[in-house]
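Hi,

Here is the structure I promised to pass on. Have a look at it first, and then read my notes below.

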Amino acid sequence: MEEPQLLHGVADSVATVVIRHPAKRNAMTAAMWAALPPLLDALAADPGVRALVLTGEGGTFCAGADISTLQGSPLRAQRLAVAAEEALAAFPKPTVAAVRGHCVGGGAQLAAACDLRFAERGARFGVTPAKLGIVYPASSTRRLVSLVGPATAKYLLFSGELIDAERALRAGLVDEVLPGGELDGRVAEFTRILASRSQLTQAAAKEFADGRTDRDAHWEEQARGSGDAAEGVAAFLERRPPRFTWTAAAPG
C-alpha cells in the first residue's frame with residue numbers, strides 16, 4: 001500500500017503540493033496535517049517560488065480527514081488541521097487549489113484557505129462536521145462565511161450536503177469551472193501569468209484583501225523603494241514584458 005504523504009516540486013517558478021493517500025481518496029492523516037506547515041515554510045522561503053498550487057493525486061482532491069485518526073483525540077486532530085489551514089492561508093505568495101472529484105471536510109478546509117479555487121466540472125464540495133458531531137473551528141467558519149456568505153455557509157455546515165462545482169461557482173466557493181481534461185492546462189496557464197506579475201502588488205493585495213489594517217505604511221515604503229512601478233510603466237511604453245525585481249524578504 002502506498003504511504004500517505006504530501007508530494008511537492010517546483011517548476012517554472014510555481015510550487016505544486018500534491019495530497020496523496022490513494023487508499024482513502026486522499027484523506028489527510030495526522031502526519032500529513034503536521035507535515036504541511038513546515039513544507040509551506042520551506043516553499044515560502046524559496047526565492048524561486050512565485051506561486052503555489054495545491055491539488056490531489058488522481059481523480060480526487062481530498063476526501064477530508066482520515067477518520068481513523070480521529071478515534072484517539074479528535075481535538076488534537078482538529079488542532080493539527082487548523083494549524084495547516086492557517087499556514088496555507090498565511091502563505092505569502094498566491095495560492096491556487098486545483099480541484100477535481102471530491103473536496104470534502106478537511107479538503108474543503110484546505111481549498112478555502114487558498115487564495116483561489118479552480119475546479120473541474122464534476123467536482124463536489126462539502127463541509128461535513130455535522131455528520132460526525134464535530135464543532136467546526138471558529139476560524140474555519142469565518143473563512144467559509146467570507147467566501148460564500150452566512151446563508152450558504154449555514155447550508156453547508158448545518159446539512160453536510162455536497163454541492164456541485166457549478167453551485168460552488170455561483171456561491172463564490174470556486175472561481176473557475178473547467179471542462180473535463182482542461183483543469184491542469186488552465187491552472188498552468190494562470191500560474192504562469194501570476195509568476196510574471198509584480199510580487200509587490202500581489203503581496204500587498206493579499207494582506208489588504210485578507211483584512212490586515214496595520215501595514216499601510218509598510219507597503220507604501222516598499223512601493224517607494226522597489227522600482228516596480230517605474231519598470232512597469234517603462235515596459236508598457238516600450239512594449240516589452242516587465243522585469244519586476246521586488247521580492248519578499250526571507251523570514252528572519
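Let me start with a question: does F118 count as buried or exposed? At 2% relative accessibility, F118 is buried, the cut-off for that being under 20%. Before I go on, please keep in mind that this is a predicted model.

**The aromatic pairs**

There are 2 aromatic pairs in the structure. In one of them, the ring centres of F118 and F190 are 5.1 Å apart and the planes make an angle of 50 degrees, so this pair counts as tilted. F118 belongs to strand β6 (residues 116-120) and F190 to helix α6 (residues 183-196), so the pair ties together parts that lie 72 residues apart in sequence. F190 is buried too, with a relative accessible area of 17%.

W219 and W246 make an aromatic pair as well, and it is tilted: the centres are 5.8 Å apart, with 55 degrees between the planes. Here W219 sits in helix α8 (residues 216-226), while W246 comes in the segment after α9 (228-238), and the two are 27 residues apart, so distant parts of the chain are linked. Both of these residues, W219 and W246, are buried.

For A203, which is 16 residues away along the chain, the C-alpha atom is separated from that of W219 by 9.1 Å.

One more ring to click on is that of Y155: the charged end of R167 sits over it, 4.3 Å from the ring centre.

**The sheets**

Now for the strands. An open sheet of 6 strands runs in the order β1-β2-β3-β4-β6-β9, and its pairing is mixed.

β3 and β4 run parallel and are joined by 4 bridges; V53 has V96 in β4 as its bridge partner. β4 and β6 are also parallel, with 4 bridges between them, and V99 is partnered with A119 in β6. From β6 to β9 there are 3 bridges, and these strands run parallel; the bridge partner of A119 in β9 is V177. β6, the strand that holds F118, is mostly covered, as 4 of its 5 residues are buried.

Another open sheet has 3 strands in the order β5-β7-β8, again with mixed pairing. Its edge strands are β5 (102-104) and β8 (163-164), each of which pairs on one side only. β7 (residues 124-126) and β8 are antiparallel, joined by 2 bridges, and R124 stands opposite D164 in β8. Helix α3 packs on this sheet, where it touches β5 and β7, and its direction makes about 90 degrees with that of β5.

**The nonpolar cores**

Last, the inside. The largest nonpolar core has 48 residues, and L52, L54 and F125 touch the most other members. The elements that give two or more residues to this core are β2 (14-20), α1 (30-45), β3 (51-56), α2 (74-89), β4 (95-99), α3 (106-113), α4 (138-159) and α5 (165-171). Which element gives the most? That is α1, with 7 residues.

Leaving out neighbours within four places in sequence, L54 is in contact with V17, I19, F61, L88, V96, A97, A98, L110 and C114.

Enjoy looking around, and write back with any questions.

Best wishes

Notes: Residues are numbered from 1 along each chain as its sequence is written. This is a predicted model: local features need pLDDT of at least 70, side-chain atom pairs count only at pLDDT 80 or more; totals for chains, interfaces and linings use all residues. Side-chain values use heavy atoms; hydrogens and water are left out. Rings of Phe, Tyr and Trp (its six-membered ring) pair if their centres lie within 6.5 Å; planes under 30 degrees apart count as stacked, over 60 as edge-to-face and the rest as tilted. Buried means under 20% relative accessible area, exposed over 50%, partly exposed in between (1.4 Å probe, protein chains only). A charge sits over a ring if NZ of Lys or CZ of Arg is within 6 Å of the ring centre and within 35 degrees of the ring normal. A nonpolar core is a set of buried Ala, Val, Leu, Ile, Met, Phe, Trp, Tyr and Cys residues joined through side-chain atoms within 4.5 Å. Contact means heavy atoms within 4.5 Å. Two strands pair if DSSP finds at least two bridges between them. Axes are lines fitted to C-alpha atoms, for helices over the stretch in contact, and angles run from 0 to 180 degrees between N-to-C directions.
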